[in-house]
Amino acid sequence: MIEHKFHDDAAIIAFVRRHTRLFAEDAVLKVSEIGDGNINFVYRVAEPGGASVIVKQALPYVRIIGEGWPLSLDRNRIEAEALVLEAEHAGDWVPEVYHYEQPLAAIIMEDVGDHQNLRHALIARRKLPQLAEHLGLFMARTLFHTSDMHLDAHQKKDLVKRFINPDLCKITEDLFFLDPFCDHERNAINPPLRPVAEALWQDDLLKVEVAELKYAFLNRAEALLHGDLHSGSIFVTETSTQVIDPEFAYFGPIGFDVGSLIGNLLLNWCGQQRLAGDEAEREAWRDWLLVQLEKLWHHFSREFSRLMREATTDPTLQNEHWQQRRLLQIWHDSLGYAGTELIRRTIGLAHVADLDMIDDEHQRAQAEAMALHLGRELIMERTRINSMEALVDLICQLND
Ligand code: SR1
Ligand code: MG
């Protein structure tokens, strides 16, 4: 029996009423469990036709696995604090936190229910004119302002301490960098793809590069990352983008966030190739995705460079040549982590609908083989891909 778990809807409503003033006393409130994520319980509390809020509660284990995979409740504090910190620098793009309560491991926050999940939007080929700009700016501002370029030496170390997140980091360490590169029991592999996965497990040169990326993930405390920046953590409308779920937040390499996002656009690009339907429409969509990739990096790198130039407080790091080198390293890291995201989402534990939605297992295996191949190329070639044009060329060659 888990002490802090909400026993019933009435307990959730009482919690919301105690800590917010959004609902009139006589309002009739309805609770629905809406969580489709892997880890937590998420409820919407709404007055039909009126206001609503989200309540997110952490239990001491991974939701999709159960008590066999214990997980610290501190992730809920980390998520609440990360949302508040992100809001300081990128408030347009994160939901507001109304209340966090440590004994209940629960957060009450703004409901972005009028938005669509980005993964579903991409699968439905919904063009979002401001998506790349919003996400580029979100990453540039949150990552720059929590880095040593901006923070004072003591502030930075205090923040690093607050965001030590061993349980959630361990999930990433295992699911990104270990499982997909060996015959691990947690992997989920489409049977016709198995020979391709087996070949990957024999690839010693690839494993050296994956070790390098893992070591950077373990040791390079460059900035406070979102830590799980995939399409499922983003909600969208034509004019608004909301980034949720930063429970994996910790201080790590900036390219991990940028790469996760690039990897998710590319997963959709791989999946769409094998979807039924009009080929011209499909290819037009895939071209649109590559344009978004360019725009994403354009907005991120332009804003990050501007901030490095204008808002770096550390005199040593104000050096223009070093700043150029920093941006190039972030680019190379991003390509590498995009590669690990592609691979782990294809043969690891946590798949994505962008590939899984392809009904026919042989068609699916072809899209998956493309994702594995692209992932490998990005990891192996990352330090030789020195421009967006070179990246797009590499992706298009793969398509031929
Ligand atoms: C067991 S958790 C699996 C995945 O879900 C989360 O959203 C992260 O992406 C994690 O890797
Ligand atoms: Mg999540």
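Visitor: Before we start, what should I know about the numbering, and what pLDDT do local features need?
Guide: Residues are numbered from 1 along each chain as its sequence is written, while chains are lettered from A and ligands numbered from 1 in the order in which they are written. Side-chain values use heavy atoms, with hydrogens and water left out, and in this predicted model totals for chains, interfaces and linings use all residues, side-chain atom pairs count only at pLDDT 80 or more, and local features need pLDDT of at least 70.

Visitor: How is the protein chain divided, and what distance separates the domain centres?
Guide: There is domain 1 (9-110) and domain 2 (116-399), with bounds from an automatic or database domain assignment. Taken over C-alpha atoms, their centres are separated by 26 Å.

Visitor: How many residues does each domain bring to the contact?
Guide: Contact here means heavy atoms within 4.5 Å. On that basis, domain 1 gives 25 residues and domain 2 gives 31 residues.

Visitor: Which residues of domain 1 lose the most area to domain 2?
Guide: Buried area is the accessible area (1.4 Å probe) that two parts lose on being put together, summed over both. Between these domains that's about 2,400 Å², with 66% from carbon and sulfur atoms. On the domain 1 side, 30% of what is buried comes together from Ile-78, His-89 and Trp-93.

Visitor: How many salt bridges are there between domain 1 and domain 2?
Guide: Side chains of opposite charge can pair when their charged atoms come close. The cut-off used is a side-chain nitrogen of Lys or Arg within 4 Å of a carboxyl oxygen of Asp or Glu. A search of the whole structure finds 33, and the count between domain 1 and domain 2 is 4 salt bridges.

Visitor: Which residue forms a salt bridge with Lys-161?
Guide: Look in helix 5 (residues 153-162; helices are DSSP runs of H or I, at least four residues). The two partners sit 3 residues apart there, about one turn of the helix. With closest N and O atoms 3.8 Å apart, the partner of Lys-161 is Asp-158.

Visitor: And ligand 1: how far is its oxygen atom from a polar side-chain atom of Asn-38?
Guide: The residues around ligand 1 include Asn-38, Asp-228 and Arg-345, where near means a heavy atom within 4 Å. An N or O atom in the Asp-228 side chain is 2.7 Å from an oxygen atom of the ligand, and for Arg-345 the distance is 3.3 Å. For Asn-38, it's 2.6 Å.

Key: Polar contact = N/O pair within 3.5 Å; in protein donor to acceptor, adjacent residues only side chain to side chain. Helix = DSSP H or I, 4+ residues; strand = E, 2+ residues; numbered from the N terminus.
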